[in-house]
Amino acid sequence: MDLRHHWQLQLMTSSLAAATALTAISINRLILKRETVKLCGAIQSLPNLKSLEFDSVPLTKGDALSLTRLTGLTSLSVTNCSTVFDDVAAVAVCFHLRNLRKLRIASQGLAGVGLLYPVAMGIKELQSLTMSGRSSCCVDECCVGMLASLTKLTQLSLPGSADVLAVAVQGLRRAVPTLTAVCITPPPVQASV
């Protein structure tokens with residue numbers, strides 16, 4: 001979507017807010033004349049929304065936190081949505097969205113792996129988890145072990161060192177027999193200035 005005019009954005013957000021029968025929304029590569037957009041305010045009260053995907057959408061700080069109101073979601077994917085989707089927003093979202101089955105968060109705003117605690121303690125039906133962030137966003141053996149409470153997990157992709165985490169991943173596979181796909185990816189290399 002290329003929304004270069006203010007009226008186009010207003011039309012889109014009012015249309016989304018009025019579409020109360022929607023069960024899934026996917027917004028990819030939103031191009032705006034201004035820097036950011038408040039989309040979640042328009043969709044936060046959609047009663048039937050189960051799946052939400054934002055990819056390359058310049059969200060505002062408040063928008064990232066307003067995702068916590070979408071408690072009926074079973075699938076959430078937030079990728080490349082500016083650094084405002086940070087650790088605070090990720091932890092808040094994971095704490096409130098207890099019905100998720102699929103969660104994908106890839107944001108340069110993630111500096112750590114704090115979202116794993118509310119995921120492991122509260123999203124018991126989770127089947128697929130993918131996360132990535134800055135070079136400092138890297139899991140350790142304790143983080144991997146914490147995910148053993150997710151007994152329905154089938155797919156997992158986390159940032160870290162595959163060599164260092166090999167034993168922890170084997171232990172997780174024993175604890176969660178449904179886990180068929182595990183990918184430990186090296187965190188991005190931080191550019192030197």
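Is S75 buried or exposed? S75 counts as buried, because its relative accessible area is 16%, under the 20% cut-off. Keep in mind that this is a predicted model. The protein has 193 residues, and 44% of them count as buried. Its secondary structure comes to seven helices and nine strands.

**Overall picture**

- If you look at contacts with a separation of 6 or more, 69% of them are between residues 24 or more positions apart.

**The largest pocket**

- The largest pocket holds about 150 Å³ of space.
- Its lining is made up of I25, S51, L52, E53, S75, S77, K102, L103, R104, S128, T130 and Q155.
- Four strands each put at least two residues into that lining: β4 (51-55), β5, β6 and β7 (128-132).

**S75, a lining residue**

- S75 sits in strand β5 and is one of the residues lining the largest pocket.
- Beyond its neighbours within four places in sequence, S75 is in contact with K50, S51, L52, L100 and K102.
- S75 and N99 are 24 residues apart in sequence, and their C-alpha atoms are 8.5 Å apart in space.

**D55 in strand β4**

- D55 belongs to strand β4, a strand that supplies at least two residues of the pocket lining.
- With a relative accessibility of 14%, D55 counts as buried.
- The D55 side chain makes a polar contact with the side chain of S56, at 3.2 Å.
- Once neighbours within four places in sequence are set aside, D55 is in contact with I27, N28, R29, T79, N80 and C81.

**L129 in strand β7**

- L129 is part of strand β7 and counts as buried, at 0% relative accessibility.
- What does L129 touch, not counting residues up to four places away in sequence? The list is L103, L116, V119, L147, L153, Q155, L156, S157 and L158.

**Helix α4 and its surroundings**

- The buried residues of α4 (87-96) are A89, A90, A92, V93 and C94.
- Those residues pack against α3 (61-66), β5 (75-79), β6 (102-106) and α5 (116-122).
- The N-terminal end of α4 is capped by D86, with a side-chain oxygen 3.3 Å from the backbone nitrogen of V88.
- T68, in the loop between α3 and β5, touches A92, V93, H96 and L97 when residues up to four places away are not counted; A92 and V93 are among the buried residues of α4.
- T68 is itself buried, with a relative accessible area of 15%.
- A polar atom of the T68 side chain lies 2.9 Å from the backbone oxygen of L65.

**S66 in helix α3**

- S66 has its place in helix α3, and a relative accessibility of 8% makes it buried.
- The S66 side chain reaches the backbone oxygen of D63 at 2.9 Å.
- Apart from neighbours within four places in sequence, S66 is in contact with C40, G41 and Q44.

- Helix α7 runs over residues 162-175, which is 14 residues.
- From first C-alpha to last, α7 reaches 18 Å, close to the 20 Å expected at 1.5 Å a residue.
- Where is the kink in α7 centred? The kink is centred on A168 and comes to about 35 degrees.
- A168 is also one of the buried residues of α7, along with L165, V169 and L172.
- Among the elements covering these buried residues are α6 (141-146), β8 (155-159) and β9 (181-185).

Key
Residues numbered from 1 in each chain as written. Predicted model: local features only at pLDDT ≥ 70, side-chain atom pairs only at ≥ 80, totals over all residues. Heavy atoms only, no water. Expected span 1.5 Å × (residues − 1). Bend = angle between axes of the 7 residues up to and from the residue. Buried < 20%, exposed > 50% of the residue type's maximum accessible area, 1.4 Å probe, protein only. Contact = heavy atoms within 4.5 Å. Polar contact = N/O pair within 3.5 Å; in protein donor to acceptor, adjacent residues only side chain to side chain. 1 Å grid on protein atoms, 1.4 Å probe; cavity = no way out; pocket = protein on both sides within 12 Å on 5 of 7 lines; lining within 4 Å. Points joined across faces, edges and corners; volume = space filled by probe spheres on them.
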